[in-house]
Amino acid sequence: MTTHLLAIDQGTTSSRAILFRPDTSIAAQAQQEFPQHFPASGWVEHEAEDLWQTTLATCRAVIEQAGLKAADIAAIGITNQRETTVVWDRKTGAAIHRAIVWQDRRTADLCARLRSEGHEPLVSERTGLILDPYFSGTKIGWILDHVPGARARAERGELAFGTVDSWLLWKLTGGQVHATDATNAARTLLFNIHTGAWDDDLLALLRVPRSMLPEVKDCAADYGVTQPHFFGGAIAIGGIAGDQQAATVGQACFQPGMIKSTYGTGCFALLNTGPTAVLSQNRLLTTIAYQLGGKRTYALEGSIFVAGAAVQWLRDGLGIIKNSAESEALAEAADPAQQVYLVPAFVGLGAPHWNPDVRGAMFGLTRNSGPAEFCLAALESVCYQTADLIAAMNADWARSGAAGHRTPVLRVDGGMVASNFAMQRLADLLAAPVDRPVIRETTALGAAYLAGYHAGIMPAPGRFADSWRLDHRFDPTMPTETRETKLAGWRDAVRRLTLP
């Protein structure tokens, strides 16, 4: 029976493929890194062909490892780094410029000009986003304006735009399918999340020809089939979702009020707000969590730029640890009488502050501060930033009039959740339980589930949620007074850093 599911997880630094068995256990996985390109300060690019070739290679590798054939795989699900922008020639299938990565800041001046002209309220109302280089729309315009002849070619219908999911889908299907899902479309600055359609006013504002755009589908839908020669036979493609939305699905956060937080280099938290698109008053993003059966489920999203990267800084920048695991033991040995705060604004502060100009700082250092206190401050900085996000989400969620708005539990995934110390401190500073699942590859699992759901071999969301399994629950144990003192110290550190 064709019951295996192949998840493609195309990320910012590597491409991965994971084969899931029918019980969602992992049969095989493979990963390949690819080069990062930094042609100017604040610019980040990928060779689009690298994204494709590493994806193809890892998919072939896992099929071989598992001893399977194409006929043994029911469907492929794709999840991807969001906002990264590819423009390619429809006839040749070749990208006309390197992919411009979500981290890229080259369109900051354009975003500032559009804000100064008063366009941000319209953008926020239609898309749930803010005017920021983070998103795809201004990246498309930059490519059209800087590649000779590109704008004229686009106007003639010769060029296609896609986020990474669309690019991979085009390549896998041999150019037969140009499509995306609602979650990726919602990150472009061009998509009206309320009507579920590309928005003519936004296309005109950012000067993007409609002919470039992919068809927008449900997260679980018919996305065509792969070319037979790639894997020895055609395989159906049945699911697509941006990485953070796929993790939301993989964590089975299907009920309004449920929240997940993914801890990698940065941190992304999504709060399911159900059929209501809650407009944030706290600079959070309103986005689509998933779309199934033509029905959109919305979310509030907050992003932290530096989470695991703070521990990497301890290792690579300061050299006080040799590996990430050492940070946990050192943090546990820190002097509790010291109150050292790291505000890791190495590339600015994300939500809810959205201040790209500030830079990192440490507060509360004494002559007795050493590696242990630095490690504790780095791990706690992730917890404090998460607390800021959750507080902002709770305020927006309560303002929306939702019943039982307070988040009862936080589901976590990503590399950092392996640290029991960090997760316990997170629960303590949130004053809420933190749940770590048995299956931590939740992003890939979400993509696999969507494909399997469309193929008819995975259950409806409610039943899939019943299969979610808890590895460990971290309940808060910190005294209220201690928690409030520590949070007040954090808020003071951020205030000092952001003073004009």
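Five bridges join strand β6 (residues 85-89) to β8, and the two run antiparallel. Strands here are DSSP E runs of at least two residues, helices are H or I runs of at least four, and both are numbered from the N terminus; two strands count as paired if DSSP finds at least two bridges between them. Within this pair, Val86 sits opposite Gly162 of β8. Strand β8 (residues 159-163) is mostly covered, with five of its five residues buried, where buried means under 20% relative accessible area with a 1.4 Å probe and protein chains only (exposed is over 50%, partly exposed in between). Leu159, Phe161 and Thr163 point one way from the strand, while Ala160 and Gly162 point the other way.

A word on what you're looking at: this is a predicted model, in which local features need pLDDT of at least 70 and side-chain atom pairs count only at pLDDT 80 or more, while totals for chains, interfaces and linings use all residues. Residues are numbered from 1 along each chain as its sequence is written, and side-chain values use heavy atoms, with hydrogens and water left out.

| β3-β2-β1-β5-β13 | five | 15° |

The five-stranded sheet is open, with mixed pairing. Its edges are β3 (26-33) and β13 (237-242); each has a single partner strand, so one side of each is left without a neighbour in the sheet. Further in, strand β1 (residues 4-10) and strand β5 (residues 73-80) pair in the parallel sense over seven bridges, and Leu5 has Ala75 in β5 as its bridge partner. Helix α1 (residues 48-65) packs on this sheet and touches β1, β2 (14-20), β3 and β5, with its direction at about 150° to that of β3. For the geometry, axes are lines fitted to C-alpha atoms (for helices, over the stretch in contact), and angles run from 0 to 180 degrees between N-to-C directions; contact means heavy atoms within 4.5 Å.

β16 and strand β17 (residues 295-304) pair in the antiparallel sense over seven bridges, with Thr287 partnered by Ala299 in β17.

Which strand holds Thr79? It lies in β5, and at 0% relative accessibility Thr79 counts as buried. Leaving aside neighbours within four places in sequence, Thr79 is in contact with Ile8, Asp9, Gln10, Ala241, Gly242, Asp243, Ala246, Thr443 and Ala447. The C-alpha atoms of Thr79 and Leu445 are separated by 9.6 Å, though the two residues are 366 apart along the chain.

Over in helix α11 (residues 308-318), the buried residues are Gly308, Ala309, Ala310, Val311 and Leu314. What covers them includes α12 (324-332), β18 (341-343) and α13.

**Voids**

Everything here is found on a 1 Å grid over the protein atoms alone: a cavity is a set of points where a 1.4 Å probe fits but cannot get out, a pocket is an open set with protein on both sides within 12 Å along at least five of seven lines, and lining residues have an atom within 4 Å of a point. Points are joined across faces, edges and corners, and a volume is the space filled by probe spheres set on them.

The second largest pocket has a volume of about 310 Å³. It is lined by 15 residues, and the closest to its centre are Ala387, Asp388, Ile390, Ala391 and Leu487. The elements giving two or more residues to this lining are α13 (371-399), α14 (420-430) and α17 (480-498), with α13 giving the most, five residues.

A search of the whole structure finds four cavities of 30 Å³ or more. The largest cavity has a volume of about 120 Å³. Of its 13 lining residues, Ile439, Leu445, Ser467, Trp468 and Arg469 lie nearest the centre.
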